[in-house]
2 protein chains.
Amino acid sequence: MGTTSRSTAQNQAADLDAADSLRPHLDRFVTGGDVQAYLDGNSLGRPLRVTAERMRAFVDEAWGTRLIRGWDEGWFDLPLRLGDRIGAVTLGAAAGQTVVADSTTVLLYKLIRAALALRPGRTEIVVDRGNFPTDRYLAEGIAAETGATLRWIDPDHDAGVTVDLLAPVLGDQTALVLLSHVAYRSGHLLDAAAITDAAHAHGALVLLDVCHSAGALPIHLDKWGVDLAVGCTYKYLNGGPGSPAFAYVAHRHLADITQPIWGWMGAAASFEMGQGYVAAQGVRRLLSGTPPVVAMQPMIDMLDLIDEAGVDAIREKSTALTGFAIALVDERLTDHGVTVATPRDPDRRGGHVTIDHPESQHITARLWEQGIIPDFRRPSGIRLGLSPLSTSFTDVVTGVEAIVAELEKPA
Amino acid sequence: MGTTSRSTAQNQAADLDAADSLRPHLDRFVTGGDVQAYLDGNSLGRPLRVTAERMRAFVDEAWGTRLIRGWDEGWFDLPLRLGDRIGAVTLGAAAGQTVVADSTTVLLYKLIRAALALRPGRTEIVVDRGNFPTDRYLAEGIAAETGATLRWIDPDHDAGVTVDLLAPVLGDQTALVLLSHVAYRSGHLLDAAAITDAAHAHGALVLLDVCHSAGALPIHLDKWGVDLAVGCTYKYLNGGPGSPAFAYVAHRHLADITQPIWGWMGAAASFEMGQGYVAAQGVRRLLSGTPPVVAMQPMIDMLDLIDEAGVDAIREKSTALTGFAIALVDERLTDHGVTVATPRDPDRRGGHVTIDHPESQHITARLWEQGIIPDFRRPSGIRLGLSPLSTSFTDVVTGVEAIVAELEKPA
């Protein structure tokens, strides 16, 4: 056991919380029930206190009294306006390149298919075994239907996915490099700019999955030259379980991009309802069905809060939280056989910390019963998701000390 | 002009409303704003008064305090449980065949692709020019990507799509017949059982779009032998703008069905997150991304209300409403050059009535300003959507008389 006692850690956390300029925002989130410490805001962000009232007003006023007129009064363009807002607040994306729709999975399907169509004659997709299951499964399914070949890479345990790791699989047959900006399990953060340059040097496109980075750290899709991106709004954007996803297409590809799910909301003249599909101009053509207007509501206030707090300040707190968590795990849990799977270099990790122990599944279940809520990640990981705006340093201590207590119980 | 005056019509409507056994349910829906008569519940159903409180409780309690634990406590299976409920209440579908997900467009894409895979070697899809744009556009897109041939039919003006109309295009190359149960513009109601038998006689599958029938009239997918169906929940199921859709796959196809958008929620072991996609057993394999749990909430109470009222009673009121509307249009609007596009045989029409007049777009805009809200449908239609549980006979008179007033204004 290290030299830090539980009470020392609690005092350190109290000092850090007192000095945290973002601390006042903690009070904006719903609390209650049995929750002692929520350490999974990177899987499902907490609702804001204003969210329930937004939903009530939406149901009873916007939906209930404007009724179908709502489509003319803002709903039709909401996927684009909200996309632009996400782009400006979290993606470093100028207007007209981002749209909200569907699920992450469906948008990834559209954009992987789109990428293959943008690179006719090229047959290979680079994908890594550390990526989130949906990304990998989609690539497999699209390979099965199109005849594309998957070039699998295994992320380096220490460095994740790097330019060096990609080099051997990039070539003149590479159509697309599909990667997650922050790895869902290990927390590795890509050097997206360098990887994009490496892919472009071979004429390949990059599709970046920003599910675990959007809202938690600065993203500069335009500056980095990323071609395509998809992300989730129920993690750091607090859109609620199953809220719709967003897709980004760099301006230079908008004129040529296609996608296979031709629906009325991606057509050039949706309400003409004419014969023959003609794709809309711009990023609207990524839409297919009727936009999920109800489900788009909760994220609106969180985007305002992120904008108010500032992504740089959020990132600063995030690295402080993850650094504090790693140091505390080192001190309090190393002797119990716990190891840290997440990079110690703050510039190479995202907003969560995964630790490994053979009893992780059992421990997570016991913690949940106590209202201390991290996530279990196979085969042996406890993932501490430290959503910066809704997590305190004290929450970190509560979580780590609860793990200590479980490991110190008699077998 | 006919013999019915405005006041006579109002008196008739008052009598019909007084005798309407479903009338008490009108009070369960949100009212307010400037709304005088809502005649578009088949495009966007009204919210129930209980919906805002359901959303508040969901946000502040289920989401806010159970947090990620919600997935283990019901959300993961919600697409299947809610699907079964829709199946039982509105589709005549036994459990295990219906799932809630995505949008109508995305589910139609999956099921059209699925149908082609279930009929390898067959290359033709039958589709009609009266179908909703999304259905037609999807068929075009899938034909473009798979090489399938579309066999277009034009619905008969009086009879809609019939077995006789289909006969010339059905053959041993027909993989799929894609039809809407109720036509979105004309309101024609198919004889789905007869059409399914005709398609099956040629070895083809039937995919029925029930967007404009689910919740408004009895559907018997199992009894009719329909193979596949997709429908919408924001029309007669009052799920709110852009609420998710549902898909039905007949039991006999579940073991063999495939779909191209391979995501983690359609995998056999979603939270194992293993290498290699293995499709889930049963209708779950139609899922792709994370289920839209927030967006699934509003429809729950409406399904209960439909179950309580009974689909047969709803259909009885529906045909009375549409019959009353047609008679009133005949009496009050024929002399103004208005014609009825919807079948006069109640057994051959759905829950809405479309009337045609050259000034329909202008008239609809003027009505909207008065809080009288039908829908405009190109090129010259006013569609009166008479959602049975939330529309009164008096609403019909209000709508028709407002059209009379517009047409009697000096040019």
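In the predicted model, Arg377(A) is buried, with a relative accessible area of 8% (buried denotes under 20% relative accessible area, exposed over 50%, and partly exposed in between, with a 1.4 Å probe and protein chains only). Asp375(A), likewise at 8% relative accessibility, counts as buried, and Arg377(A) forms a salt bridge with Asp375(A) in which the closest N and O atoms are 3.3 Å apart; a salt bridge is taken as a side-chain nitrogen of Lys or Arg within 4 Å of a carboxyl oxygen of Asp or Glu. Over all chains, 56 salt bridges are found. Among them is the pair of Lys110(A) and Asp102(A), with an N to O distance of 2.6 Å, in which Lys110(A) is buried at a relative accessible area of 0%.

In chain B, the side chains of Arg284(B) and Asp77(B) meet in a salt bridge of 3.5 Å, N to O. Arg284(B) lies in the loop between α9 (251–254) and α10 (293–296) of chain B, and Asp77(B) in the loop between α2 (51–66) and α3 (78–91) of chain B, so the pair ties together parts that are 207 residues apart in sequence; helices are DSSP runs of H or I with at least four residues, numbered from the N terminus. Arg284(B) is buried at 8% relative accessibility, whereas Asp77(B) is partly exposed at 37%. Salt bridges that share partners also join Asp34(A), Arg66(B), Arg69(B) and Glu73(B) into one network.

Helix α12 (residues 311–333) and helix α14 (residues 393–408) of chain B pack with their axes 10 Å apart and at an angle of about 25°, the axes being lines fitted to C-alpha atoms over the stretch in contact and the angles running from 0 to 180 degrees between N-to-C directions. α12(B) is therefore roughly parallel to α14(B) (angles under 35 degrees count as roughly parallel, over 145 as roughly antiparallel, 65 to 115 as roughly perpendicular and the rest as oblique). The residues in contact (heavy atoms within 4.5 Å) include Phe324(B) and Leu328(B) of α12(B) and Val400(B) and Val404(B) of α14(B).

Residues are numbered from 1 along each chain as its sequence is written, and chains are lettered from A and ligands numbered from 1 in the order in which they are written. Because the model is predicted, local features need pLDDT of at least 70 and side-chain atom pairs count only at pLDDT 80 or more, while totals for chains, interfaces and linings use all residues, and side-chain values use heavy atoms, with hydrogens and water left out.

How values were computed: Helices (H or I, at least four residues) and strands (E, at least two) are DSSP runs, numbered from the N terminus.
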